[in-house]
Amino acid sequence: METKRWNAVDSGNQQGIDEAAGLLQNGEAVAFPTETVYGLGADATSETAVAKIFAAKGRPADNPLIAHVATKAQLQQLVSTVPTFVDKLIDTFSPGPLTYILPSNGTCATNVTAEQSTIGVRIPSHPVAQRLLRKCDLPIAAPSANLSGKPSPTTADHVWQDLNGKIAGLLDGGPTGVGVESTVIDCTSEIPIILRPGGVTKEQLQEVIGDVMVDPALANAVGRPKAPGMKYRHYAPEVPMWLIEGPAEKLAEVIAEERENYAKIGVIASEETSERLCADQVISLGSKESLTDIAAHIYDALRTFKEGDVDLIVCEAFPEKGIGLAIMNRLKKAASVYVPA
Ligand code: TXA
Ligand code: MG
């Protein structure tokens, strides 16, 4: 299949957005930018359209998709109830990087929800996503637009590397802003539960609605996570990665020791730490003073090291507060070895 690519940087190119919307209405799969990562979209009401997403990504069928809509009114059309606290969350954080798990009313195809009774719904804020959703006037099921298991795409080139020839189209909106996926919050229990940390932090949620829990399966790495997607190894770079907690000296020690076992070593770290390390290739994620900046660059860094470039990646760990919880969740999943302090 030939994949059409439109330039919609700065959210221009109405014609590209119109064509992409037309393909979605015709049951095709099209990738588009959101404020978190690129999504691979298809008509959420059509089982055959949604099947194309699973086929292109090689995604396991038991992992449900998020339905994307432009407005709160459209969100309400997909679920059977919206509790009062969710109403508050929507008014505060949507459009934005927050996904609500609510009881489904059956409007979306069964392969969107992986036959569960609940559905994840999100209102993305990216201007291209907003215009696309408004134009096609459909709920759009969209996982991240990467091959299953690979780091999520934060640029159109990342999507192109993974899915060129496998999907009908790709809207290029430039690099995404947040850089990690939306926070997934289960709103079906009395106290809402964060199933996946993401762009909206636990602290921000607590400020608006008080009590919020974090799925214990996230901390233990044992037990069955309630977000089915969280049980798979994800975001993996092409070479083994060690995630190291502690100061620059600790990373330097690991690099020195592993020189014997690995010919070429790459580093992924904050600017401050990377300046103090000597390795074959060093990627700086930005200042550790800004975890927001670090989040924006992690997926690109994980994709940069290719097999053959280096034999081992040594990566710095970050504090698990604010968006750091999402950063560390992704890094732990990407890492083959985790060395706590
Ligand atoms: O930021 C994002 O959320 C991006 C952009 C494209 O919107 N999308 C995204 O989708 O990350 P995906 O499919 O890569 O991750 C969705 C996560 C998975 O862990 C999935 O298991 C969980 O949400 N999920 C979806 N529906 C669910 C449901 N009904 N119950 C529990 N977890 C659900
Ligand atoms: Mg994903």
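In which hand of crossing does H4 pass H7? The crossing is right-handed. The legends below describe close-up views of a predicted model.

**View 1. Helices H4 and H7 pack against each other at about 125°.** H4 covers residues 84–93 and H7 covers residues 202–209. Their axes are 10 Å apart. The angle makes H4 oblique to H7. H4 contributes Phe85, Lys88, Leu89, Thr92 and Phe93 to the contact. H7 answers with Gln204, Leu205, Val208 and Ile209. Sorted by class, the contact holds 6 nonpolar, 2 polar and 1 charged residues.

**View 2. Helices H1 and H5 pack at about 50°.** H1 spans residues 14–25, and H5 spans residues 127–136. The axes lie 9 Å apart. The two helices are therefore oblique to each other. Their crossing is right-handed. On the H1 side, the contact residues are Gln14, Ile17, Asp18, Ala20, Ala21, Leu24 and Gln25. On the H5 side, they are Val128, Arg131, Leu132, Lys135 and Cys136. This contact of H1 with H5 divides into 7 nonpolar, 2 polar and 3 charged residues.

**View 3. Isoleucine 123 sits in the loop between S6 and H5.** Strand S6 covers 118–122. Is isoleucine 123 buried or exposed? Its relative accessibility is 2%, so isoleucine 123 counts as buried. Serine 94 is 29 residues from isoleucine 123 in sequence, yet their C-alpha atoms are 5.9 Å apart. Leaving out residues up to four places away in sequence, isoleucine 123 touches Glu35, Val69, Ala70, Thr71, Lys72, Leu75, Ser94, Pro95, Gly96 and Gln130.

**View 4. Strand S8 is covered on both faces.** S8 runs over residues 169–172. Gly169 and Leu171 are buried on one side. Leu170 and Asp172 are buried on the other. In a regular strand, side chains alternate between the two faces of the sheet. S8 runs parallel to S1 (residues 4–7), joined by 4 bridges. S8 also runs parallel to S2 (residues 30–32), joined by 2 bridges. Which residues stand opposite leucine 170? Arginine 5 is one of them, and alanine 31 is another.

**View 5. Five strands form an open parallel sheet.** The order is S14-S13-S15-S12-S16. S14 (281–284) and S16 (337–339) stand at the edges. Each has a single partner strand, so one side of each is left without a neighbour in the sheet. Neighbouring strands are turned by 20° against each other on average, direction ignored. S12 (residues 241–244) and S15 (residues 312–316) run parallel, with 4 bridges between them. Within this pair, leucine 243 stands opposite cysteine 315.

**View 6. Helices H9 and H12 lie on the sheet strands.** H9 (residues 248–258) lies across S12, S13, S15 and S16. H9 runs at about 170° to S15. H12 touches S12, S15 and S16, and its direction makes about 140° with that of S12. H12 (residues 324–334) is mostly covered, with 9 of its 11 residues buried. The buried residues of H12 include Ile327, Met328 and Leu331. Asn329, Arg330 and Lys333 are also among them.

Note on methods
Residues numbered from 1 in each chain as written. Chains lettered and ligands numbered in written order. Predicted model: local features only at pLDDT ≥ 70, side-chain atom pairs only at ≥ 80, totals over all residues. Heavy atoms only, no water. Axes fitted to C-alpha atoms, helices over the stretch in contact; angles between N-to-C directions. Parallel < 35°, antiparallel > 145°, perpendicular 65-115°, else oblique. Left-handed = near helix turned anticlockwise from the far one by under 90°. Contact = heavy atoms within 4.5 Å. Nonpolar A, V, L, I, M, F, W, Y, C, P; charged D, E, K, R; others polar. Buried < 20%, exposed > 50% of the residue type's maximum accessible area, 1.4 Å probe, protein only. Pairing = 2+ DSSP bridges.
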